[in-house]
Structures are given as C-alpha cells and as structure tokens.
Amino acid sequence: MTTDTLQELTRRPYAAGFVSAVEADTFPPGLNEDVIRALSEKKGEPPFLLEWRLKSYRHWLTLREPTWQAVTYKSIDYQAISYYSAPKFKPKKDSLDEVDPEILRTYEKLGIPLVEQQRLQNVAVDAVFDSVSVATTFKDKLAKAGVIFCSFSEAVREHPELLRKYLGSVVPHSDNFFAALNSAVFSDGSFVYIPKGVRCPMELSTYFRINAAETGQFERTLIVADEGSYVSYLEGCTAPQRDTNQLHAAVVELVALKGATIKYSTVQNWYPGDAEGKGGIYNFVTKRGIAHERAKISWTQVETGSAITWKYPSVILKGDDSVGEFYSVALTNNLQQADTGTKMVHLGKNTRSTIVSKGISAGRGQNTYRGLVKVLKSAENARNYTQCDSLLLGDKCGAHTVPYIEVKNASAQVEHEASTSKIGEDQLFYCRQRGISQEDAVSMIVNGFCRQVFKELPMEFAVEAQKLLGVSLEGSVG
Amino acid sequence: MALLSVRNLHARVGDKDILKGIDLEVGAGEVHAIMGPNGSGKSTLASVLAGRDAYEVTKGEVLLDGKSLLELAPEARAAEGVFLAFQYPVEIPGVGNLHFLRTALNAQRRVKGLEELDAMDFLQMAKEKSKLVQLDAAFMNRSVNEGFSGGEKKRNEIFQMAVLEPRLAILDETDSGLDIDALRTVAGGVNGLRSPQRAMVVITHYQRLLDYIVPDKVHVMASGRIIRSGGRELALELEEKGYGWLGLQDGKGAATKGGEARR
C-alpha cells in the first residue's frame, strides 16, 4: 500500500460540499429561554409545545454531555451555535413555484429534484433546508390514501392532537443530553401518520441539508403507523464543506401500533471533514421505536459521512410477538469516528430481534459497535441474533466491538457472533490477476462485505448506497 | 518466437533471493510442466509472472509475445492474456461468483477496446463454459469460493480460465488437495482448453497430474533454477527415482506429499 496513492485519492472533494447562496433569517448564536420563546413564536406554536420546550431546556441544563462513547472531540460551545436559520423567502408549501429557485437548484444538484415529474414515481420527499422544511412532494396522492406526510411545523398547526399524543412518547424530553437539547430547540423535521390498515402507496423520504454556517440542525421526525399499517421511510443527508464542525442533534421517534410495520432506512452522508480531520458534522442522534403487539420495526443505516457519528437506533419490543431489526453499515475513513449500534429491549413475549452490523475502517478511522440486548423478566421466549463484522483497510485504523447483553428471563435465546477481517493482499491480488483494477477490487470486496445490509435497503437506494461507499473509500487502499 | 520467454529471471522477497536465473521458452500450443521439491521456487515463479507485489524482480526479463510484462500491473498483465490458476483460490464473501467473473471479463474487454458483455450474453456464455468442468448453476451464484470444497475451488479456477480465454495459463499446483475423480475432471477441463494459440505452464510436485495433462516438456526446478529439462519421460523417471535422484532435498519428501494429495 503506497501512501502516495492514498493521499492523492483522499484529496478528492466531497461532492455535496457546495454552499448555496440563499438569503437566510438566522438567529444570533446563543441559547437561553428567550431564544426558545422566540423560536416557538416564530413558528406560531401552541402553548403546550412551548411549555414542553422550556421543560426540556431546564432539564438539559441539569445534564452533562456524555463521555462514555469511544470518540474524542473538543467540547462544544453551545452558546456559539445559532439555533435557527431559515431561508428568508418563506415558502408556502402548496406550490413549488414559491420555493426559492436557488433551493430547488440545490436539491437538483444533490440529485433530489423536487419537481414531482422528475422524481422517481414512487418516492415522496420532504426537503428540510437548515431549520425548515421547504417542500413536500406528492402530498395529494398520499392524502388520498389517508397518509399524512408533512413537515413537523405543519403538523403542529394541522394535527396538534396527534402530535400532543405521540411527541416524546418514545424518546422522552429527559432521555439524554442531546435528546433534551433537541426537544428544547428542534426547528423542523418530518411527520408521518399512516392510518389503520393502510399500506403506504409510496416510499417516503426526507432529505436533510445543512447550508448555513455556524448553525446546528435539530430536527425531529415522528412516524406513527396505526394498527396493521405499513410504511417504508428513507432519510438522506448532506452538508457543505466547512472548516468548522457543525452539530446535528436529531431525534427520531417511531410508533408501530398493533400489527404495523415501519421500515426506516438512512443513507447518511454528512460532510465528514477533510483528510486532516478539519471540519465535518457531529452527528449526535437519538433514534428509537416502540413496537406494539405483532408490530415490526426495522432500521437500516448506511453511515458514510460525519466527522463523528453517535447514534443507536433502538427498538423497544413492548408488545408480544413484536420484531426489531437493525442492519448497519458504518464506514470511517481519514479521521472519522463512529460509535454506533443499537439497543433491543425485549418486554413482550416471543419477541425477536436481529442485529447485523458491518463496520468498515479505513485511513485512521475509528469504528465502534456498541449494542445492548436487554431481555426483561416479562419477555418469555425472547430471541436475539447479533452479528458484528468489522473490516479493516490498512493498518492505521481501528475497529471495536462493545456488546452488552442483559438477560432476566431464562427462556431467552441470545446469540452473538463477531468477526474482524482485513482486506487481504490475497483477495486484492486474486481480483487484479483476473483483470480487475485495485480500486474496483476494493469496492467489490467491501460491497460484498455489506451485501447482507444493502439487500435490506429499498431498491432505489441500494444502488445509491453502493456508489456512496465506493466514493467514500476511494484511495483508502493505495 | 516463443509465446512466453523468461530470460535470466531473478527475484526475491525482502533480502532473500528465491529465483536465481530462470530461463524458459514456451511456444504457443505447448504445455510445459515445472516440477521440483518444496521450496524450489515453483510457486514464486508463478506469482512473479502474474505480477504479485510481494516479489521484487532484480534481474532478467519476461516477454509475452515479445512484449515485456515486468513493468505491468497484475490487472494489465491479465488483460494481456496472463492467467494464474491459484494453488489456494481466495474467498470473497458476498461477491457472487458470476458477478465477479463478469466484472473481470469486462475489465479485460475494456482494455482491449471491446464492447462489454451484458448480463444475458455473459450468462449464456458462462453456462456453456461451465459444462467443461461440470459446475452447476447453483454453484455459480454462490460467493466467490466461499464454502467451496477443495475440488470445487479448483474447478472454479479452470472455469474462470475458460471464460477469460488467456493466451498464457499458469496452473499452480492445480492438483493439490484433489481426489482422483476431481483430478480427472479438472485435468479434462484443462485439456479441453489446450489450443494452438495458447501456452500453458503446469506447476506440480507430482507426476500423477501429468498422466492426465500430458506435457510437451518437463522442467525440474531446484533452488531457484531450472536444473534439468526434458520430455515427458523426465517426469516418469523422477517419479520412479524421487527427487533424491537429482541430488535434491525435499523438506517433506515426495512420498509424504503424495499422501497429502490423496487426502
């Protein structure tokens, strides 16, 4: 492995790293109760929400930033962040004609045209730009099926009763440091409601874009799948290339009622920082779902971006016969750090969970799988299967596996398999001897390693994920 | 002119000299066997011809149809028509056997300025070629060499060779680890691929393989050199008298290694 090739190729620019010239209405940096009041007022929120925000904020003040994760970074100055930034032109979401053309161009450049005719026919998109949702496509078609898919702000106005019922029901405002912060200052996000027995007629997706500098993005996603319904949801994320670190502290709550299925896929490509580790997004995210009787929640994530990733999409298997799944590919290159995994909490009888985690470390990247499988006393016949595989490229990176298993019911069956391998000279030479270039060989071997996870992604995105992985890995083996 | 010309080839790993002046000329349509005790440098020769990084060539040249190979990367040599059937074929989990092979073939075709084969055309061609070594369809969609038996791995190597149609095929101990039935199948595949345009170098420890793949010439290697060359009868004589006949030491001895091959 020659360092020359490595250096040459890691200089390849981050394709989504451009900045859009959009005039923004941005709060000055700083956080206090007045900022939260101003934010709530700006969004025209009902009093219950402002109260909830303030309660969260006050709780947050009592918490300390967690330090147990295996990542290192300079401590964040929460007073130096702006907690709200919105494109100045206030878009009316009924018509794309009223969205700032510069924003439309931004999404087009990212390969996410918001004009419906140009979209994949079966995917509806909610586009979140900095702190606000700028457009949601295919709303009429979804409305016919009774599906609500809108920005969080709109849900606050149009469906306050649903929001009040479910907001914070899975991730309480007091859950953890970053979740509490989010609960205090969240600006927008997506809201989904699938009525009883409805199979959502298209894939839903939210595309998050951080544009403004010195701002944090704090969005919330809430998905409620009513009894016997089905929804597949995908989120994608990018950010401009900047020298400073930006904070992204999101919360995602999933509620799968009796017999419902929620499939939640993430392709995360936040700006990872440069080869020297300068800049990049701090992706500190709390994601959790609650599965009622016979419900199923499946998380699939492909994490290639961010300077630091800290997230543990989890499932509380509350109802009997409920199912939780977590399929993850996390890649760290250059100086990226990821501490990611899942929590599967078994409460109901005959609950089943599957965890398949594939960590890829290249460059000087550090990749930690951290997972908890917890079987409570009530969870008769619970089952878990966990598989954690790590792949190392080069000899300066690290892979760590930290599984926690807590079982309080003797009828539980918990399996854990783990492996660590290196892309061998043997594998590379074998491919090259057959005529395949070194870059293509690496990409092929890594994709093979991730296949179990990629096959869980919706078709349209599996291809995107494979490409992304190829790009993120370029130059990792010289 | 010979298709493959190896002239005064020296190579080493670290500061250890392994090849100490190899001269070898293999004409198109010919099959040459290279025999020798363990540690004589047979497999190193195969790796050096294919361009493995671990070896440093310190002297000499290798020409394929007059074109020098030594400056070329392994993938470029493959596109020139060099194929190595590995002694230990490598597993690539999650990568389908056919996908792998189509990627390889199309990479070579691109270099040659040929159009890439689409999935359908490729599948049809692959099916046809797989008959040569009796590989069934289920096998082709499994991950590359993953969970294959020793015999399946070797048959897969010959299948790949059939698809890639090299000008020079180097078979590195293709007989090792095979029972007699698998040996026959593999040898049958190799024989089916003999052609007036193709040169083959068959590396083996034992004469046994040469009962099935009959060579035009036999070379005996020892301590990084070819110490004797002859016709087929040289292999038979070697079998009869053992490597000791040529004053050679074999770490494990020819007889024991025969036991391993039957395992």
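**Interface and cores of chains A and B**

In this predicted model, 34 residues of chain B are in contact (heavy atoms within 4.5 Å) with 19 residues of chain A. Local features need pLDDT of at least 70 and side-chain atom pairs pLDDT 80 or more, while totals for chains, interfaces and linings use all residues. Residues are numbered from 1 along each chain as its sequence is written, chains are lettered from A in the order in which they are written, and side-chain values use heavy atoms, without hydrogens and water.

**Interface**
- About 2,100 Å² is buried between chain B and chain A, with 60% from carbon and sulfur atoms; this is the accessible area (1.4 Å probe) lost on being put together, summed over both parts.
- Four salt bridges (side-chain nitrogen of Lys or Arg within 4 Å of a carboxyl oxygen of Asp or Glu) are counted between chain B and chain A.
- B:D53 and A:R432 form a salt bridge through their side chains, at 3.8 Å, N to O.

**Nonpolar cores**
- The largest nonpolar core has 105 residues, of which A:I360, B:L9, B:F100, B:F159 and B:I170 touch the most other members.
- Such a core is a set of buried Ala, Val, Leu, Ile, Met, Phe, Trp, Tyr and Cys residues joined through side-chain atoms within 4.5 Å, where buried means under 20% relative accessible area (1.4 Å probe, protein chains only).
- A second, separate core holds 36 residues, including A:F149, A:Y264, A:V315 and A:C388.

**Around B:L9**
- Not counting residues up to four places away in sequence, B:L9 touches residues including B:L19, B:I22, B:L45, B:V48 and B:L70.

Technical notes: Buried < 20%, exposed > 50% of the residue type's maximum accessible area, 1.4 Å probe, protein only. Buried area = accessible area lost by both parts, 1.4 Å probe.
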